[in-house]
Each structure stands twice: as C-alpha cells, then as structure tokens.
Amino acid sequence: MPSDQKPGTESSGPRHVAIIMDGNGRWAQARGRPRLFGHHAGAKRVREVVEACPSLGIKYLTIFAFSTENWKRTQVEVAGLMSLFRRYIAKETRALHARGVRVRFIGDRVRLDAKLIALMDTLEEQTCENDSVHLTIALNYGGRDEVARATRRLARDVAEGRLKPEEVDEETLPRYLDTRVLPDPDLVIRTSGEARISNFLLWQSAYSEYEFIDTLWPDFTADELARLCQSYGSRDRRFGAVKA
C-alpha cells in the first residue's frame with residue numbers, strides 16, 4: 001500500500017515512523033551486565049515511545065524487534081529474547097488496549113514457538129478496533145524474506161489464474177507484503193551509531209527519510225523522538241520530482 005501522504009499534501013511531521021532499535025547489547029556491556037539486561041531495558045523504552053506518538057502526530061509506529069538474521073546469535077540470547085517477547089506481550093496487552101493502540105505483527109511466524117504465536121494472535125485480536133496509534137512489531141522479520149514470501153504468493157495467484165502476468169507492476173507487489181494495510185514509512189530512525197538499514201522495510205522505505213543517531217536504544221527518549229520529528233518537518237521531500 002503506497003503512502004497516504006502525497007507530495008505537496010504531507011503534514012509537517014511524519015505520520016509513520018519506523019525504528020531500528022539498536023544498541024541494547026552494547027548498552028548493557030558498558031554497564032558490566034549481560035546483553036539480555038539491555039534487551040529488557042530496551043523493551044521498557046518502547047512504552048515511552050508509544051505513549052509519545054499521539055502528541056507528535058505519529059499515527060503509525062513500526063519497530064524492528066527481531067530479524068531473520070538474529071537467529072545466528074547465541075542460543076542463550078535467542079532463548080532470552082523469545083522469553084522477553086512472551087513476557088512483554090502478556091504484560092503490555094492491557095495497557096496497550098487501554099491507550100487505544102492497535103498492534104500488528106509482521107514477519108514469518110513459522111520458526112516462532114506456539115505459545116508466543118498464540119500471544120501475538122490474542123494481542124492483535126484484542127486491539128483490532130483501536131485507532132489511536134497503529135503499532136507494528138517486526139518479529140522474525142527480514143525485508144528480503146518478506147519480498148520472497150510476497151513473490152511466492154503473487155506467483156501462486158498468477159499460476160492459478162487469479163492474476164494476469166501483464167497486470168503485475170510496482171503497485172501489485174505491495175498488496176502481497178506483510179505491510180499491505182499500512183502506509184509506507186515517512187521517517188526511519190536507527191539508533192546506536194550504525195549507518196545501515198539491516199534488511200528492514202526494503203520495499204516500503206524507497207522514499208523514506210533516514211536518521212542515524214548515536215544514542216543507544218535504552219537511552220532513546222520521547223524528547224529525542226520529538227526533535228527528530230521536528231527535523232523531518234524541515235526537509236524538502238520531492239519524491240523524485242524537481243520543484244519549479
């Protein structure tokens with residue numbers, strides 16, 4: 001689904017912000033603590049950011065929680081993260097619903113355990129009618145994997161006659177992506193000083209603005225988010241065109 005903010009009509013701030021929440025491990029190690037300590041601190045930071053969205057005009061927030069490549073981490077860290085996700089969902093469901101937050105998950109659920117999937121399904125179902133903030137959590141997500149899965153679904157529809165090959169264009173594939181009901185992100189933020197996109201929202205962020213900041217995710221605040229949104233408002237977004 002293309003962005004619902006067209007050139008010349010967008011508001012001064014971003015409606016859809018996507019965040020690569022990086023730096024949890026380094027934050028913990030700098031304090032002499034295990035990496036999982038940093039992940040727990042990072043999870044707490046999510047609540048502050050979500051709560052800040054309405055006042056900043058952010059309708060959609062997408063966060064990168066666990067990538068398809070993160071399975072390469074140690075078994076201890078992966079198991080700890082999966083446990084953290086289960087506890088976070090169980091703990092935050094009531095608060096998210098009370099704040100009118102609609103939660104969605106994107107990514108391939110095949111490798112996730114049944115209990116976690118059940119919690120994800122329940123959270124999505126309980127918040128499906130909320131509209132204050134649309135929070136999308138990318139869990140076992142990779143941009144290339146998403147495009148590959150979408151392409152398989154598209155190819156199946158072509159093979160079964162539901163779609164003609166000549167009808168496939170750049171407007172077709174987005175209808176098969178995990179994010180098909182969401183507008184494209186206006187602003188993508190990566191914390192921790194790294195300047196790469198790490199396979200996150202590859203198709204959707206073709207015209208997104210990017211901010212690579214040094215702050216480690218557990219230190220990221222609502223005030224910093226507000227500053228980045230203000231900076232976004234001063235950018236000249238031409239979407240490939242040249243203004244007269």
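A disulfide is a pair of cysteine sulfur atoms within 2.5 Å. By this rule, the count is zero disulfides.

This is a predicted model, in which local features need pLDDT of at least 70 and side-chain atom pairs count only at pLDDT 80 or more, while totals for chains, interfaces and linings use all residues. Residues are numbered from 1 along each chain as its sequence is written, and side-chain values use heavy atoms, with hydrogens and water left out.

Stay with the cysteines for a moment. Buried means under 20% relative accessible area, exposed means over 50%, and partly exposed is in between (1.4 Å probe, protein chains only). Cysteine 229 has 7% relative accessibility, so this residue counts as buried. Cysteine 128 is partly exposed, at 33%.

Helices (H or I, at least four residues) and strands (E, at least two) are DSSP runs, numbered from the N terminus. Helix H2 covers residues 35–56, 22 residues in total. From first C-alpha to last, H2 reaches 31 Å, close to the 32 Å expected at 1.5 Å a residue. The expected span is 1.5 Å times one less than the number of residues.

Which residues of H2 are buried? Among them are Gly38, His39, Ala41, Gly42, Arg45, Val46, Val49 and Cys53. An α-helix has 3.6 residues a turn, so residues three or four places apart point the same way. After H2 comes glycine 57, with a positive phi near 80°.

Arginine 47 also sits in H2. At 31% relative accessibility, arginine 47 is partly exposed. Contact means heavy atoms within 4.5 Å. Leaving aside neighbours within four places in sequence, arginine 47 is in contact with Glu92, Ala95 and Arg99. Arginine 109 is 62 residues away in sequence and 24 Å away in space, C-alpha to C-alpha.

Now turn to the strands. Strand E4 spans residues 133–141 and is mostly covered: nine of its nine residues are buried. Two strands pair if DSSP finds at least two bridges between them. Strand E2 (residues 60–67) runs parallel to E4, joined by seven bridges. Strand E3 (residues 101–106) also runs parallel to E4, with six bridges. Which residue in E4 is the bridge partner of phenylalanine 64? That partner is alanine 138. Isoleucine 106 stands opposite alanine 138 too.
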